[in-house]
Structure formats: C-alpha cells, structure tokens
Amino acid sequence: MLAAEAKGVDLQSPVGGGEVQNPQDLTVDDFVIDEQSELVERCPAGHVPASSTQDSQTGTTVTVMPAEVCDGCEFRAMCPVVRRRRGYVLCHTAAQRRSAARRAEQQTDAFRESYRIRAGEESLNSGLKRKTGMGRLRTRGLARMRMGVLLRCAGWNVLQAVVAIKRRARAAAASLAALLAAMKRCTAGMLVHTIAFRRSTPPPTRSAPPAPAELAAA
Ligand code: SF4
C-alpha cells in the first residue's frame, strides 16, 4: 500500500480481517497522530495526552491519557483507551493506524463509488478463474501460457455473448407476452361494452302491415 502511494497509485482494496465493532465506536483513526513519529497529539475529545512514546523495537506507541480527563469524558464508553494504574492507555502501531484509517474510508460514499469499478472487475476475474480454469493453467512456457489465456478469454467472450442473447430473447418474449395480454384485455373490454350497448338500446319498431280492406279500397 505504501509502495503504491509512493508511485501515485490509489489502491482500492478492502481491509482484510475486519474487526467487528460498533459503528459508533471510536478507533485509533479518531486520534490526532503525527504520521512521521506515530506520537499521539490529541485524543478524539481534543485533550492532550500525559505522555506518548514509541518503542523503536516493537514499533508500538503507548499513549497515556490523564485518568481525571477520561473519567469525566462523554466518549469514554466508545473510546479504545484501557484503564490502567497510571491512567487510560492506548497502544497502537503504524499498521493499525493505517488499517483504521482505511476502514473509516471504506465507510464513505466516495470509497463505495470508486470501489464499484473494482468490484465489477473482480467479478470478471473470478468468473474467468472459476468457469475457464484460468486460475490453474496446465501449460508451461510463456508462449503456451499466453495462448491458453487468450483462448480462455475468447471462450469467456462467447459465453457472455450467449448469455446476452438469451437475456435479450427473454426480454423480447416478456414484452410480447405483455403486449398480447394488453390486447386481450382490450378486446374483452370492447366485447363487454358492445353487449351492454345492445342490451340498453330498444329494438327498432316496425309499422304494422296494411289490413286487406285498406288494400282493396286503394
Ligand atoms: S475517553 Fe479519554 S482519550 Fe477517549 S476521547 Fe475521552 S478524554 Fe479522550
């Protein structure tokens, strides 16, 4: 990660082995820490530690907060400091601080948005490994390996094309079925209206034929 940053590369990778914790809890990332010396300058509530020293052998920084400050702090239940004889103590390493910072970053919308791109790529890699056996090529030599990879990619593309065709065919069939159902409903409605109209309209009256006497007089 540090090597990538030095080269100007923003690695988008979730932190492995995530600690399960309450989202409300404070972490070492909430402390103000000098990234060069790893010494704590202020706690999340803005208080200055009684001491903050780093063991150069283990790389662990031990920070002691005054007991009287932490005892009356409203964030005490959420704070990672631990009660000791000399006060409230926080131990951290540079790696723990970076991991905590990355876990906090992972909760942001900006991270989720940019990670979505990688997630899509990862599903492609996973599919290639699982369905084409890309994860375990049984050939040796660069030329054969390259050919094996290219053939698997070609096979994957054919597979995806078939999936796309099937998906479009299903969508077209669903549209046609919806259209037929709509036409059927329309026809049934027209039939109902026609029957109702005929029932509500009286039959045409016919004039009675002339009597035989009237015909003889004419
Ligand atoms: S409990 Fe102590 S170290 Fe934690 S935020 Fe409060 S004052 Fe700071």
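**Entry 1: the sheet.** I looked up the sheet and found four strands in an open arrangement, ordered β3-β4-β6-β5, with antiparallel pairing. A strand here is a DSSP run of E with at least two residues, numbered from the N terminus, and two strands pair if DSSP finds at least two bridges between them. β3 (51–55) and β5 (82–84) are at the edges with a single partner strand each, so one side of each has no neighbour in the sheet. I noted that neighbouring strands are turned against each other by 30 degrees on average, direction ignored; the axes are lines fitted to C-alpha atoms, and angles run from 0 to 180 degrees between N-to-C directions.

**Entry 2: the source.** I note that this is a predicted model, in which local features need pLDDT of at least 70, side-chain atom pairs count only at pLDDT 80 or more, and totals for chains, interfaces and linings use all residues. Residues are numbered from 1 along each chain as its sequence is written.

**Entry 3: the partners of β4.** I checked β4 (residues 60–65) against β6 (residues 87–93) and found six bridges, with the two strands antiparallel. Val62 stands opposite Cys91, and Val64 stands opposite Val89. Towards β3 I found five bridges, again antiparallel. Val64 is the bridge partner of Ser51 on that side. The hairpin of β3 and β4 has four residues between the strands, and Gly59 takes a positive phi near 75 degrees there.

**Entry 4: Arg86.** I located Arg86 in the loop between β5 and β6. Arg86 counts as exposed because it has 11 C-beta neighbours inside 10 Å. From Val64 it is 22 residues away in sequence and 7.5 Å away in space, C-alpha to C-alpha.

**Entry 5: the ligand.** I listed 13 residues around the ligand, of which Cys43, Ala45, Cys70, Cys73 and Cys79 come nearest. A residue counts as near if its C-beta atom, placed from the backbone, lies within 6 Å.

Methods
A residue is buried if 20 or more other C-beta atoms lie within 10 Å of its own, exposed if 12 or fewer, and partly exposed in between; C-beta atoms are placed from the backbone.
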